[in-house]
Amino acid sequence: MTDTNLTAVLFEQNDLRMEDCPIPLPGPGQVLLEMKEVGICGSDVHYWTHGRIGDFVLKAPMVLGHEASAIVSKLGEGVTNLKVGDRVAIEPGVPCRRCNYCKNGRYNLCLEMKFCATPPYNGNLARFYVHDADFCFKLPDHVTFEEGALLEPLSVAVHATNRAGLKLGNTVLVCGAGPIGLVNIITAKAKGASLVCATDIDSSRLEMAKKLGADFTVQVTSRDPLVTVQAIEEALGDKADVAIECSGAAPSLKTAIYATKSGGVVVLVGLGQEMVELPVVNAGVREVDIRGIFRYVNCYPTALAMIASGKVDVKPLVTHRYKLEESIKAFEAAKRGEGIKIMISCDRSKK
Ligand code: NAD
Ligand code: ZN
């Protein structure tokens, strides 16, 4: 059989093409992976439609995709943690391992991070792809490739709830019930939140939030954050111990601050406007901590353990499935905002 490497290459803004690319060779410490499942993330769609996210600008053709699982098909020199045929989830960001951020255990902040499908680094929506072996996590047999791909967004929630200092019995507000808000709801419940309240402007997203374990949902209908805050407080019986903002919408960030208890924590997950006006005096005098997060750090093992043990079920997030050959169709569906998580199968044996 002659292997080809069908690959989703973003040439420039609005120019995504399926190309046959050379099969890469694994270098020392790397593995060649035969890709299995790749989820589409909002950032992949944004690079396609806008050609940039903030300071990351597409200047040369780039392969999309970073929420992925695969099978190991060839070992580079010195790889001992994996063998050919292993089923793995791919943590998409490989840091330098040498700088102070890396050495202090916050490798997500490494300035030399090579992250799949963040320019100038290629992603893995392809038949074959090479990655560093120590950023591949072996999946137990009962964990599916789709679940392996979903470890990526789930890891964002593991990190956000870690940064929130979420404790057993806490009440939690999750603002925005897109894929990232939804994994935060699931993770907060798994970590022992007593009550979770989710907000969104879209009622179908709130239905999904309920299905995945939110105790209450509040549909945002007013631009006045205090109207939403009142509904949240009525649902939870008080303000929340922790708020996890996953919409990136400026009014929602205000809501998150006002709806958090004095001494509580607001975690900024959603990334929206560069500059926003916030009630900082309110947050300041009530000692509400506002903390950012950037992706995840050392979270893949936890996310995998949560899935493997059955503590969380992320499978209902997948609402649409396409084949690698149909990637452009899949991206068009994602652009129209259809469903929750769109999965692309790179597996030739799958019908
Ligand atoms: P998404 O666009 O699918 O979800 C956002 C949700 O927020 C939507 O359901 C939308 O209807 C809702 N929303 C919009 N305005 C709202 C408002 N005023 N109040 C409440 N809800 C509102 O995106 P996603 O994939 O779920 O990602 C969510 C955010 O997280 C994005 O901004 C993304 O860039 C960010 N993100 C950040 C990190 C990080 O490391 N910090 C990682 C991944 C994603
Ligand atoms: Zn580093």
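Trainee: Across which strands does helix 5 lie, and at what angle does helix 5 run to strand 15?

Mentor: In this predicted model, helix 5, residues 203–211, lies across strand 14 and strand 15, and the helix runs at about 170° to strand 15.

Trainee: How should I read the sheet to which those strands belong, and in what order do the six strands stand?

Mentor: The general idea is that strands of a sheet pair through backbone hydrogen bonds, either parallel or antiparallel. Here the six strands form an open sheet in the order 15-14-13-16-17-18, and their pairing is parallel. Strand 15 (216–219) and strand 18 (289–292) are at the edges with a single partner strand each, so one side of each has no neighbour in the sheet. From one strand to the next, the twist averages 20°.

Trainee: How many bridges pair strand 16 with strand 17, and which residue is the bridge partner of Ala-243?

Mentor: Strand 16, residues 240–245, and strand 17, residues 260–268, pair in the parallel sense over five bridges, and the partner of Ala-243 is Val-266 in strand 17.

Trainee: Which strands does helix 3 lie across?

Mentor: Helix 3 lies across strand 16, strand 17 and strand 18, and its direction makes an angle of about 150° with strand 17.

Trainee: At what angle do helix 3 and helix 4 pack, and how far apart are their axes?

Mentor: Helix 3 (residues 145–164) and helix 4 (residues 179–190) pack at an angle of about 60°, and their axes are 8 Å apart. With that angle, helix 3 is oblique to helix 4, and the crossing of the two is right-handed. On the side of helix 3, the residues that meet helix 4 include Pro-153, Leu-154 and Val-156, while those on the side of helix 4 include Pro-179, Ile-180 and Val-183. By class, the residues of this contact are 10 nonpolar, three polar and no charged.

Trainee: How do helix 3 and helix 9 cross, left-handed or right-handed?

Mentor: Helix 3 passes helix 9 in a right-handed crossing; the axes of helix 3 and helix 9, residues 300–308, come within 8 Å and cross at roughly 115°. Among the residues of helix 3 in this contact are Glu-147, Leu-151 and Leu-154, and helix 9 contributes residues including Tyr-300, Thr-302 and Ala-303. The contact of helix 3 with helix 9 divides into seven nonpolar, two polar and one charged residues.

Trainee: How many residues surround ligand 1, and which are the closest?

Mentor: There are 28 residues around ligand 1, and the closest are Gly-176, Gly-178, Ile-180, Ser-247 and Gly-248. Helix 4, strand 14 (195–200) and helix 7 (250–258) each supply at least two residues of the shell, and the largest share, three residues, comes from helix 4. Sorted by class, the shell has 14 nonpolar, 10 polar and four charged residues.

Trainee: Finally, in what order do the three strands of the other open sheet stand, and is their pairing parallel or antiparallel?

Mentor: The order is 2-1-6, and the pairing of these three strands is antiparallel. Strand 2 (15–20) and strand 6 (62–63) are the edge strands, each with a single partner strand, so one side of each is left without a neighbour in the sheet. Strand 1, residues 6–12, is joined to strand 2 by six bridges, and Glu-12 has Asp-15 in strand 2 as its bridge partner.

Note on methods
Residues are numbered from 1 along each chain as its sequence is written. Chains are lettered from A and ligands numbered from 1 in the order in which they are written. This is a predicted model: local features need pLDDT of at least 70, side-chain atom pairs count only at pLDDT 80 or more; totals for chains, interfaces and linings use all residues. Axes are lines fitted to C-alpha atoms, for helices over the stretch in contact, and angles run from 0 to 180 degrees between N-to-C directions. Helices (H or I, at least four residues) and strands (E, at least two) are DSSP runs, numbered from the N terminus. Angles under 35 degrees count as roughly parallel, over 145 as roughly antiparallel, 65 to 115 as roughly perpendicular and the rest as oblique. A crossing is left-handed if the near helix is turned anticlockwise from the far one by less than a right angle, and right-handed if clockwise. Two residues are in contact if their C-beta atoms, placed from the backbone, lie within 7 Å. Ala, Val, Leu, Ile, Met, Phe, Trp, Tyr, Cys and Pro count as nonpolar, Asp, Glu, Lys and Arg as charged, and the others, Gly among them, as polar. A residue is near a molecule or strand if its C-beta atom, placed from the backbone, lies within 6 Å of it. Two strands pair if DSSP finds at least two bridges between them.
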